[in-house]
Amino acid sequence: MKKLFAAVFLLIAFPLQAAEIKLSESLSLYGAPEYTSGFSHFRYVNPDAPKGGRIVMPAYGGYDNFNPFIFKGIAAPEAAELTLDSLGVSPVDDVSTVYPLLAKRFEIPSDNSFVGFILDERARFSDGSPVTADDVIFSFNALIEKGAPLYKVYYADVEKVEKVGPRHVRFWFKKGSQNKELPLILSQFKVYSAKDWQGHDFSKPSLRVPLGSGPYLIDKFSPGKYTVFRRNPDYWAKDLPTRRGFFNFDEVRYDYYQDTTVTLQALFAGSIDVRGEYIAKIWVSGYDNDIVKSGRIIKAEIPHNQPAVLQYFGFNTRLNKFKDRRVREAIGLAFDFDWANDKLFYNQYQRIYSCFTNTGMEAVGLPQGKELQILEKYRNQLPSEVFTKAPELPSHKNYMETRQNLRRAVKLLEEAGYGFVDGKMTRLDNGEPLEIEVLSNSANGSSFTRVMLPFIENLKKIGIKTTFRNLEVNIFKNRLDRFDFEMAILSFRMSSMPGNEQYEMWGSRSASVHGSYNMMGISNPVVDELIAGLVGARDKETYTAYVRALDRVLLNEHYMIPQWYSPHDRVAYWDKFEHPDTGIKAGFNPFTWWAKGDAG
């Protein structure tokens with residue numbers, strides 16, 4: 001049962017403003033927060049975890065700068081995560097609520113015209129200088145003016161930023177904004193030191209180590225090889241309830257690799273300490289050695305309550321060949337997940353069946369209730385199948401089902417203007433054969449090659465020539481940023497509470513922004529309005545209905561071919577660490593782990 005929250009509030013009278021302002025110790029999207037005022041720590045950590053030791057983890061690709069918020073270059077994302085703090089924190093067991101970090105109080109006006117942040121007077125950068133309103137304003141403006149283009153879209157509903165006092169800042173919203181999640185979103189960006197950036201160009205990649213306020217300092221690094229972080233013993237927030245039990249290692253090292261399969265041998269050799277496993281076959285058969293049998297390396301399946309990582313084959317709908325939804329659906333019919341799960345994955349995976357799998361807000365069955373009411377407004381703009389067919393992925397349980405799916409695919413292609421010409425599926429009006437290039441990245445190693453072979457063969461049966469290419473990680477990213485692909489294997493971590501980020505993933509205004517998350521180029525006015533509806537929803541029932549309606553429309557358009565997910569995080573690690581056992585499905589988070597007493 002959720003605990004009632006004893007909010008600290010103050011009504012402030014302004015002669016020109018009728019709205020009442022509440023000062024609160026949390027920002028909650030819907031309902032009461034899980035943690036009461038004065039809580040001591042999050043429940044999924046060990047607040048008394050000992051400090052010390054080191055952990056070495058793998059990273060993939062490379063980097064040429066420490067700023068992940070710009071379009072140019074390849075950043076080391078862990079640098080920002082470990083060296084910079086944000087205004088607030090959302091725990092894994094209460095993702096719709098933000099609790100204090102740099103900000104100790106939140107201002108919430110009754111008319112939702114702005115959100116205010118009152119900074120903790122103890123907040124310090126690692127050089128001892130205070131974190132001020134000027135730093136918050138600088139960091140926000142840097143994102144908008146010099147950061148990656150997607151940030152202009154992400155924060156589009158912010159009208160202005162106001163410095164109220166040395167440690168007090170307000171973000172005013174555009175008139176008529178219905179973005180209920182915006183206060184929570186604004187609490188999440190990382191805060192840089194304005195003074196530290198004087199004389200430096202935020203938009204240019206650089207290996208200059210920026211001044212941070214987070215739990216770690218960058219100790220040493222070699223681009224593309226390693227980065228070493230040293231725990232800051234003077235970290236200002238180490239005793240805050242939102243930080244107790246976290247960041248227990250004195251040293252955190254990331255070693256860079258190009259292929260996940262190479263890191264398995266690195267684990268066995270002791271070059272790295274912990275490794276997440278993403279290949280089912282290796283998880284089942286790749287750890288059959290004396291190191292694992294003796295217990296020196298532990299295999300753990302750590303349950304999580306997080307949304308399934310949305311992993312899929314994505315179509316670049318900017319290309320003429322993929323503009324017709326029937327073509328996209330036909331290609332999806334050729335993908336045989338059932339064979340892959342049985343022959344390659346040892347039946348360890350479940351099929352992703354929604355953009356929001358494992359959230360409880362998936363579109364299932366036929367639309368009904370409030371979801372149906374929402375969709376009815378767009379009946380004339382939507383295919384009839386949205387209302388008459390439940391979302392359903394093709395089944396390939398046997399040869400006959402596969403054959404039926406391929407026949408259906410041919411029929412869809414014929415309806416879209418294609419036909420067989422000399423055995424090739426060809427556009428009949430211009431004689432152009434339908435050919436596809438599918439991109440992946442080298443970090444996936446050979447795992448996807450095995451998955452792709454039967455997919456390619458099925459497509460060949462219906463006259464479609466398919467080429468599969470594994471690219472080096474950085475090249476792959478650059479190709480995606482420029483929308484220079486036909487199909488690609490993509491994945492995103494989805495929010496437990498889908499909100500403003502949906503504009504970035506599916507919204508028309510991000511479809512032409514290089515580097516945006518809308519890599520598929522979706523530009524659909526109904527999708528735009530459904531996103532606006534879920535962002536502006538004022539109660540949980542309406543919000544859920546909008547999420548399901550959005551899911552249903554996206555699935556019906558066949559913008560992607562969903563792949564698979566696991567309800568567990570599979571992790572192998574040397575037996576020199578301990579981690580919390582709280583019963584909360586928090587998943588793998590190495591920054592809640594600690595070194596055993598004899599680990600040094």
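Guide: What follows is a set of questions about the terms, each answered from the structure.

Guide: First, the ground rules. The model is predicted, so local features need pLDDT of at least 70 and side-chain atom pairs count only at pLDDT 80 or more, while totals for chains, interfaces and linings use all residues. Residues are numbered from 1 along each chain as its sequence is written, and side-chain values use heavy atoms, with hydrogens and water left out.

Visitor: Why is aspartate 338 called buried?

Guide: Its relative accessibility is 17%. Buried means under 20% relative accessible area, exposed over 50%, and partly exposed in between (1.4 Å probe, protein chains only). So aspartate 338 counts as buried. It is found in helix H9, residues 337-343. A helix here is a DSSP run of H or I with at least four residues, a strand is a run of E with at least two, and both are numbered from the N terminus.

Visitor: What does aspartate 338 touch?

Guide: Leaving out residues up to four places away in sequence, aspartate 338 touches Pro394, Ser395, His396 and Lys397. Contact means heavy atoms within 4.5 Å.

Visitor: What makes alanine 75 count as buried?

Guide: The value is 18% relative accessibility, so alanine 75 counts as buried. Alanine 75 sits in the loop between strand E3 (54-60) and helix H1 (77-83). It touches Gly62, Tyr63, Asn65, Asn67 and Pro68, again not counting residues up to four places away in sequence.

Visitor: Which residues touch the most other members of the largest nonpolar core?

Guide: They are Phe117, Tyr155, Phe171, Leu186, Phe189, Val252 and Trp506, in a core of 128 residues. The largest share, eight residues, comes from helix H17 (residues 540-557). A nonpolar core is a set of buried Ala, Val, Leu, Ile, Met, Phe, Trp, Tyr and Cys residues joined through side-chain atoms within 4.5 Å. Another core of 38 residues lies apart from it, and includes Leu434, Ile436, Phe455 and Ile489.

Visitor: What does tryptophan 506 touch?

Guide: Among the contacts of tryptophan 506 are Leu310, Cys355, Met494, Leu550 and Leu554, not counting residues up to four places away in sequence.

Visitor: Why are H16 and H17 called roughly antiparallel?

Guide: The axes of helix H16 (residues 525-536) and H17 cross at roughly 160° and come within 8 Å. Axes are lines fitted to C-alpha atoms, for helices over the stretch in contact, and angles run from 0 to 180 degrees between N-to-C directions. Angles under 35 degrees count as roughly parallel, over 145 as roughly antiparallel, 65 to 115 as roughly perpendicular and the rest as oblique. H16 and H17 are therefore roughly antiparallel. Val527, Leu530 and Ile531 are among the H16 residues at this meeting, and Tyr546, Leu550 and Leu554 are among those from H17.

Visitor: What makes H8 roughly antiparallel to H12?

Guide: Helix H8 (residues 325-333) and helix H12 (residues 399-415) pack at about 165°, with their axes 8 Å apart. That angle makes H8 roughly antiparallel to H12. H8 passes H12 in a left-handed crossing. Left-handed means that the near helix is turned anticlockwise from the far one by less than a right angle; clockwise would be right-handed.

Visitor: How do you know that E20 and E21 pair?

Guide: Seven bridges link strand E20 (residues 435-441) and E21 in the parallel sense. Two strands pair if DSSP finds at least two bridges between them. So seven bridges meet the rule. Isoleucine 436 stands opposite threonine 466 in E21.

Visitor: How many residues of E22 are buried?

Guide: Five of the six residues in E22 are buried, and the strand is mostly covered. In E22, isoleucine 489 stands opposite phenylalanine 313, and alanine 488 stands opposite leucine 439.
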